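Please read the following note alongside the sequence and the three-dimensional view.

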Amino acid sequence: MPDAFTVLWTQETCRALRKEGRVGERPPVAFSGAHSSLPAWSGARAGDEVYAVHVNRGEVFVVSRMRVVDLERGDCCGEAPATWRDRAFPGHEDWVALGAGGCGASAVHVDSTPVRFDQPIPGELLGQLTWRNRRNQTRGLKYVVDGRLERAVSLQGFYRLTPESADELAELVGP
């Protein structure tokens with residue numbers, strides 16, 4: 001059975017997506033990395049779903065739901081860089097804002113919903129969402145007060161949702 005994860009897209013990432021006119025478009029790729037600025041999609045496999053979320057003024061938004069297609073560098077990625085000056089993923093220049101230039105970036109090909117910034121997670125649901133680690137321990141979000149997220153620190157990274165929370169987000173986002 002596929003798993004579901006969340007990944008936080010930063011203010012900088014979302015600002016770049018807006019500036020580059022990517023709202024309403026479906027990203028074909030996302031990027032995993034070796035640094036906290038570009039979280040490693042560790043544990044993700046083909047078929048898993050990833051909810052890209054964004055925090056703006058205490059509200060958490062689902063920006064896109066992505067189904068992982070593969071985690072391999074494909075022909076669509078372009079030539080691998082020969083030197084540090086070369087672009088890492090010339091075939092995905094349209095989506096460079098998602099982290100193509102990040103430390104140790106690797107491509108994750110996805111089938112996704114269009115990028116949007118108008119799908120908030122209701123406050124009552126936000127306080128109920130839970131994630132589980134590899135030891136099957138669960139945790140909720142810290143710093144949720146009156147349905148608003150005061151600090152995004154507990155969303156930073158790439159985290160596996162519990163099946164119940166994955167179902168809740170799937171219902172929120174729709175088909």
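1. Strands β4 (residues 59–70) and β5 are joined by four bridges and run antiparallel; two strands count as paired if DSSP finds at least two bridges between them. Strands here are DSSP runs of E with at least two residues, numbered from the N terminus. Within this pairing, M66 has S112 of β5 as its bridge partner.

2. The model is a predicted one, in which local features need pLDDT of at least 70 and side-chain atom pairs count only at pLDDT 80 or more, while totals for chains, interfaces and linings use all residues. Residues are numbered from 1 along each chain as its sequence is written, and side-chain values use heavy atoms, with hydrogens and water left out.

3. Strand β5 (residues 106–112) also pairs with β2 (residues 29–32), in the antiparallel sense and over four bridges. Because five of its seven residues are buried, β5 is largely enclosed by the rest of the structure. Buried means under 20% relative accessible area, exposed over 50%, and partly exposed in between (1.4 Å probe, protein chains only).

4. Strand β1 (residues 4–8) has five of its five residues buried. One side carries A4, T6 and L8, the other F5 and V7, and both faces are covered. Five bridges connect β1 with β3 (residues 49–56) in parallel, with E49 as the partner of A4. Three bridges connect β1 with β10 (residues 158–160) in the antiparallel sense, with Y159 as the partner of T6.

5. How many aromatic pairs does the structure hold? There are three. Rings of Phe, Tyr and Trp (its six-membered ring) pair if their centres lie within 6.5 Å; planes under 30 degrees apart count as stacked, over 60 as edge-to-face and the rest as tilted. The pair of F31 and F89 is tilted, because the ring centres are 4.9 Å apart and the planes stand at 50 degrees. F31 belongs to β2 and F89 to the loop between β4 and β5, so this pair ties together parts that are 58 residues apart in sequence.

6. W41 and F158 form a stacked pair, with 5.0 Å centre to centre and 20 degrees between the planes. W41 is in the loop between β2 and β3 and F158 in β10, 117 residues apart. Both W41 and F158 are buried, and together with F5 they make one aromatic cluster.
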